[in-house]
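Please read it alongside the sequence and the model.

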Amino acid sequence: MNQINQRQNAPRAIKLLAAQRQTYSSAKTLMGTYVFFAIPAILFLNLALKPIVLKQYSYDLTNIIAVLALLLTFLDVLWLKNHVRALQEKAATIQEEFDRYVYNLKWDPISLGEKVSNVCIEKMYSKYSNSNDISKLHDWYTPSVSQHPERKGVLLCQSENLGWDIELRTSYIVYVVIFITLFILSLLFFGVSNKVTLDYFIMAYLIPSMPLLTYFRNVYSEHLRAIKDKTMLRDNLSNALNTQNIKRKTIESIQFQILNNRKSNPLIFDFFNYVKSNKLQRLVTSVTQSQ
């Protein structure tokens, strides 16, 4: 009853999907690089290398590690966060163009801003297609959405977007809480086991952990905020699905809020998305087919 399924598998749509995935991946790679130096690298220096250097050369790396941790924190605040956000907004804009193409909605430059240039999209598409199977981008939304009137089909696609994201973030923060708890307990364990003083514990254990603790505190609070916003939006969408006359204005309003969420919500590393993707796809497909 609508052309959503045909449009989502059109060459232009696939190219947009590949470009947005590559752009998101670039942002996540930068973020992951920071996390690597802030977590395993600092921990390795502090817990493994420092004792060896102290024993063999009688040189304490505590101050150097503390300075490195502070530099990483400043790098995150002064540059990294803004640069990652710019890439995220670009990816969200590309995905918005994909959605609007699939949903048959017009692009309003006044409210949405300018589209990402075709040159950038081609560059990201080529980079993605060189190392990924493009065929996996087909049927982005459950094909059965095409069995409904177009506006209901669009709402079902938007519902899949929100449902997938809410479930993924809910699962993600559970792992974040577990990790933070185990990490703090580990710090206390090492401190007590080594019978260190409070001053030494702060310099040798707490300050080197600042980038990690700051990062994951922000991750936790931002994901909670994102889940709350998306849950409220999904509730409004569910109410719209139950109406006899779905208004185009309602679809536009929901889509605009989805775009704003994509631009501002915290990123989730690709590997976690990959691990959960099959389970989440079955879930959202089941929900869509029950409508």
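## Packing of helix 3 against helix 9

In helix 3, the residues R85, Q88, E89, A92, T93, Q95, E96, D99, R100 and Y103 are in contact (heavy atoms within 4.5 Å) with E252, Q255, L259, R262, K263 and S264 of helix 9. Helices here are DSSP runs of H or I with at least four residues, numbered from the N terminus. This is a predicted model, in which local features need pLDDT of at least 70 and side-chain atom pairs count only at pLDDT 80 or more, while totals for chains, interfaces and linings use all residues. Residues are numbered from 1 along each chain as its sequence is written, and side-chain values use heavy atoms, with hydrogens and water left out.

The axes of helix 3 and helix 9 (residues 248–264) lie 8 Å apart at an angle of about 155°, where axes are lines fitted to C-alpha atoms over the stretch in contact and angles run from 0 to 180 degrees between N-to-C directions. Helix 3 is therefore roughly antiparallel to helix 9, a term used for angles over 145 degrees.

## Nonpolar cores

A nonpolar core is a set of buried (under 20% relative accessible area, 1.4 Å probe, protein chains only) Ala, Val, Leu, Ile, Met, Phe, Trp, Tyr and Cys residues joined through side-chain atoms within 4.5 Å. The largest has 40 residues, of which Y34, Y172, Y215 and F216 touch the most other members. At least two residues come from each of several helices, including helix 3 (62–103) and helix 8 (210–241), and helix 2 gives the most, with 9 residues. Another core, of 34 residues, lies apart from it and includes I14, V145, L237 and I258.

Conventions
Buried < 20%, exposed > 50% of the residue type's maximum accessible area, 1.4 Å probe, protein only. Parallel < 35°, antiparallel > 145°, perpendicular 65-115°, else oblique.
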